[in-house]
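Work through the exercises below with the sequence and the model open.

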Amino acid sequence: MATRRTFLQDTAAVGAGIMLAQAQSARAAEELGYTDKLTDADGKYAAAPLPFAYDALEPVIDARTVELHYNFHHKPAVAAANKAEDSLAKARDSNDFALVKFYEKELAFQLSSHILHTIYWTSISGTGGEPKGDLAKAIDRNFGSYAKFKAQLVAATIAVEASGWGVVGYHPATGKLMILQCENHQKLTAWGIQPILILDVFEHAYYLKYQNRRNEYVNQLFSLINWDNAAMRMQATLPGRRLT
Ligand code: MN
């Protein structure tokens, strides 16, 4: 179990690694973007160790709460995300998609829980204060000031309906820093995913020709798909290719 001190040391080591890479080549440095460790060597979802000891957040968050939260909320979500993927693999193998809606929902809910918990642990591993550098500038540009940003973030987070999260996110396509609320973990997305192919199944997309036959419309769409565009979008998300 890493203590808060060793986490900070590890963070410093990452910084030193980036400097070394910059000395070696600019391209190598470009490829060292920040990524969360969400999977193990086999590609299965796995919870990284907490970046601090259970009692490191006292008195703000008590040790027992951290222990329960990590072991009985975050970790079971990881197991359930793996189960959903395994079940979808079985469905593909047997060509039996009777439960596809259930397992896609499970995947979105549980994987999003894993992603957001992983970010949450890092978000609360610091010492407070105020943002600096480019983040501070982005906050001033998008929200007017840190005080206004904080007021909105606090209000939005408190006002989340039922269970959920307060979220600060950067939206690459518009260059905007945003505050969002999240209900549950997902609402059927997985945080961080970059869409590369989209199929519209609102009725307005097909009703004149296909009426209630969404099945037929979706199958016919495959004669129109631009896979080169999808591949280009995927390439654009790879490390070292980011525009931001
Ligand atoms: Mn939680």
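**Exercise 1. Which residues are the protein donors of the manganese ion?**

This is a predicted model, in which local features need pLDDT of at least 70 and side-chain atom pairs count only at pLDDT 80 or more, while totals for chains, interfaces and linings use all residues. Residues are numbered from 1 along each chain as its sequence is written, and side-chain values use heavy atoms, with hydrogens and water left out.

Step 1. Donors are N, O and S atoms within 2.8 Å of the metal (3.2 Å for Na, K and Ca); water is not among the atoms, so sites may look incomplete.
Step 2. The manganese ion has His69 (NE2) and His117 (NE2) as protein donors, 2.0 to 2.1 Å away.
Step 3. His69 belongs to helix 3 (residues 63-94) and His117 to helix 4 (residues 100-123), so the pair, 48 residues apart, links distant parts of the chain. Helices (H or I, at least four residues) and strands (E, at least two) are DSSP runs, numbered from the N terminus.
Step 4. His117 is buried, at a relative accessible area of 5%. Buried means under 20%, exposed over 50%, and partly exposed in between (1.4 Å probe, protein chains only).

**Exercise 2. Describe how strand 1 and strand 2 are joined.**

Step 1. Two strands pair if DSSP finds at least two bridges between them.
Step 2. Strand 1 (residues 164-171) and strand 2 (residues 176-183) run antiparallel and are joined by eight bridges. One of the residues to look up is Trp165, whose bridge partner in strand 2 is Cys182.
Step 3. The two strands form a hairpin with four residues between them, and Gly175 in the turn has a positive phi of about 70°.

**Exercise 3. Is Ala162 buried or exposed?**

Step 1. Locate Ala162 in the loop between helix 6 (146-158) and strand 1.
Step 2. Its phi is near 60°, a positive value in a residue other than glycine.
Step 3. Ala162 counts as exposed, at 76% relative accessibility.

**Exercise 4. Which residues make up the largest nonpolar core?**

Step 1. A nonpolar core is a set of buried Ala, Val, Leu, Ile, Met, Phe, Trp, Tyr and Cys residues joined through side-chain atoms within 4.5 Å.
Step 2. The largest has 10 residues: Tyr45, Val78, Ala81, Ala84, Leu88, Tyr103, Leu107, Leu111, Ile115 and Ala190.
Step 3. At least two residues of this core come from each of helix 3 and helix 4.
Step 4. Leaving aside residues up to four places away in sequence, Ala81 touches Tyr45, Leu107, Gln110 and Leu111. Contact means heavy atoms within 4.5 Å.
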